[in-house]
Amino acid sequence: MAEQFNVTGMSCAACSARVERAVKKVDGVTSCSVSLLTNAMSVEGTASPEKIIAAVQKAGYGAELKTQPQNNSAPSKSDDEALADKETPVLKRRLIYSLGFLIALMYFSMGHMINLPLHEYFIKNHIAHGLIQMILAAIIMIINQKFFTSGFKSLMHLAPNMDTLVAMGSMASFVWSVYELFLMTGDNIMRDLYFESAGMIVTLITVGKMLEAKSKGRTTDALKGLMKLAPKTANIITNDGSEIILPVEKIQKGNIFVVRPGENIPVDGVIIEGSSAVNESALTGESIPVDKSVGDFVSAATLNQSGFIKCEAQRVGQDTTLSQIIKMVSEAAATKAPVAKIADKVCGIFVPCVILIACVTVIAWLLAGRNFGEALSYGIAVLVISCPCALGLATPVAIMVGSGVGAKHGILFKNAAALENAGKIKTAALDKTGTITTGQPKVTDLEANNIPDEELLTAAYSLENMSEHPLARAVVDYAKSKNIEYKPVENFKALAGNGVTGFYNGHEILGGSVKFISSKINIDHEFLERAQNFADAGKTPLIFVKDNKLLGVIAVADVIKPDSQKAVKDLQNIGVEVVMLTGDNERTAKAIAQQAGVNRVIAGILPNEKENEIRKLQADNKKIAMVGDGINDAPALTRADTGIAIGAGTDIAIDAADVVLMKSNLSDVPAAIKLSRATMKNIKQNLFWAFIYNVIGIPLAAGLWGFKLNPMFGAAAMSLSSFCVVTNALRLNFFKP
């Protein structure tokens, strides 16, 4: 199990790359993933937290282990606090102070060029003019001292980051200007001073940082919204029958709680009294309320819309469905998609390369005959236009937004790799029962043999009510829906694999398969043909007999879900081949496949053979997805390139899968693939923008194309690059599955 840490002191992708490298060197660490977006680190292995924290600190950063709440406690506030936007208010204050002093600095340094009034003392006294600029620039640099402390600290650890580039650019402008100011004391001649560049660079970078922080805050909106859904208190029924209000973190498994209309359900539980319509849109994205009654499961944070219900707590604290969703989305954001490896490798060497390019630029212009001040200006422009942040943020911001959008629509990706791989699926293997079909047999047809339908149903209901077989339950439910009267049965016997028998009102009743009943009485050929037609259509014909007289046939089938046909069509339309896996006989399987629109069927396979069928499909070197809901699907879900679990399925299937569909709708499979592809497209756009920005910006700043870029414009461009990447990722919020 991965340990989760909060990391402090990171300012760009070079920082996260540095932390990752440092932690991976610790003995016992098998994998490490650092998220610049959430300042989170996930570490797997046997290394102790103390050793991991020590490695981070040695690299020049801070780390602390995230507190893990007990199972019976409420969701921890640590994740909520980690996602809180603490950066923007601090940057906003810094920016306001910086702008005030920068306006004064620009007035003194450039105001006279546009004929703004300047006191005669400063016009005649160039040294005083320079000193006031130096003081104002120094104040701005002190206000933004974080760039310098972080930048030079990272440089001392031989791990320069974005702050290093900003600090070096600003400090170089300041130091050179101070040198020029000292020269002025000898001749009182106005020289080229760059104090305004020193102040402007850090101010503009702060503008960009604030815009970036504000946009980054919006990428976690979906996750923060989920956290706010959890109720804070619950109405608990005590042993003496009185009602008390308890904080939700104190609820124990087995407690009885009540929920009135308009209240949110505090924890996961089972209704033991009452009925209601429950709005589950917070968890599944489905806006239509679901009718719930005694025995039905209800989830924390869903809204009780109509009736009064009394429930028994089943899952509390971190075990609730809501907490599991929050954990899943958080961990997905903290992991890295395989596509991020390219950017990570570049970020690891990016800043040192930029510093080298800046030095080479200065030397080249000096050799070209330019004075040192001008050559230095080119070098500073290279430093401040380069942006490792854009590269580092390109992937995680898109992953965070994509995961959040998925969670909002009931599609949960367990990690970033699952989100990336889902879009590469070329073949989807669908389990039949519970995935394509409802998994609950229902009566589809009824044909009585020259008697009223009610007489056939009465006999079938009375007999099958004693059986626990799923097909018998279908008959019972159908009879109840028709208000058929139940008559007690005596001497009931279940004949395994054949049928059932019993007596009511002195009459012997038999019910079962065609083969079993045919061995007891002679069935008319025409009636046998009807039963065969039902079987050919994928239905199970149950024949009923009273005192050796044929009463009729009731056809039962596991009907396909309402959205299955559309889901299969959508998958085929986006280039995904659909295969159905089932243990049913080929005749039944083909009948269901025809209804759903599936062209390829693999039937008659045992539960343990599904995993082997996935292996065979993978032999074609295509990315395979397995979609299932049962315990028997778990090995196949694990074997597939992407395992997709239907949310209403078993916990084992959900644990084995990479993607969980909370609504249990097959139509969410193509939606998940489309969301993955949209996210990957967004990531590629971000990476292209980040790479092309640096590929064009650095040579431009170095003056290779005969254009001299003012360092202040370079700083402005650097500020906007990361902002553009984050803003582009936010467009995913408009994705509609």
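Residues are numbered from 1 along each chain as its sequence is written, and side-chain values use heavy atoms, with hydrogens and water left out. Because the model is predicted, local features need pLDDT of at least 70 and side-chain atom pairs count only at pLDDT 80 or more, while totals for chains, interfaces and linings use all residues.

The structure holds 20 salt bridges, a salt bridge being a side-chain nitrogen of Lys or Arg within 4 Å of a carboxyl oxygen of Asp or Glu.

| Pair | N to O distance |
|---|---|
| Asp 558 and Lys 432 | 3.9 Å |
| Arg 530 and Glu 447 | 2.9 Å |
| Arg 587 and Asp 536 | 3.8 Å |

Asp 558 lies in the loop between β21 (549-557) and α22 (564-573) and Lys 432 in helix α17 (residues 432-436), so this pair ties together parts that are 126 residues apart in sequence. Helices (H or I, at least four residues) and strands (E, at least two) are DSSP runs, numbered from the N terminus. Both Asp 558 and Lys 432 are buried, that is, under 20% relative accessible area, whereas exposed means over 50% and partly exposed in between (1.4 Å probe, protein chains only).

Arg 530, in helix α21 (residues 525-536), and Glu 447, in strand β16 (residues 442-448), are 83 residues apart in sequence. Arg 530 is partly exposed at 29% relative accessibility, and Glu 447 is partly exposed at 26%. A network of salt bridges links Glu 447, Glu 526 and Arg 530.

The salt bridge between Arg 587 and Asp 536 links distant parts of the chain, with Arg 587 in helix α23 (residues 586-596) and Asp 536 in helix α21, 51 residues apart.
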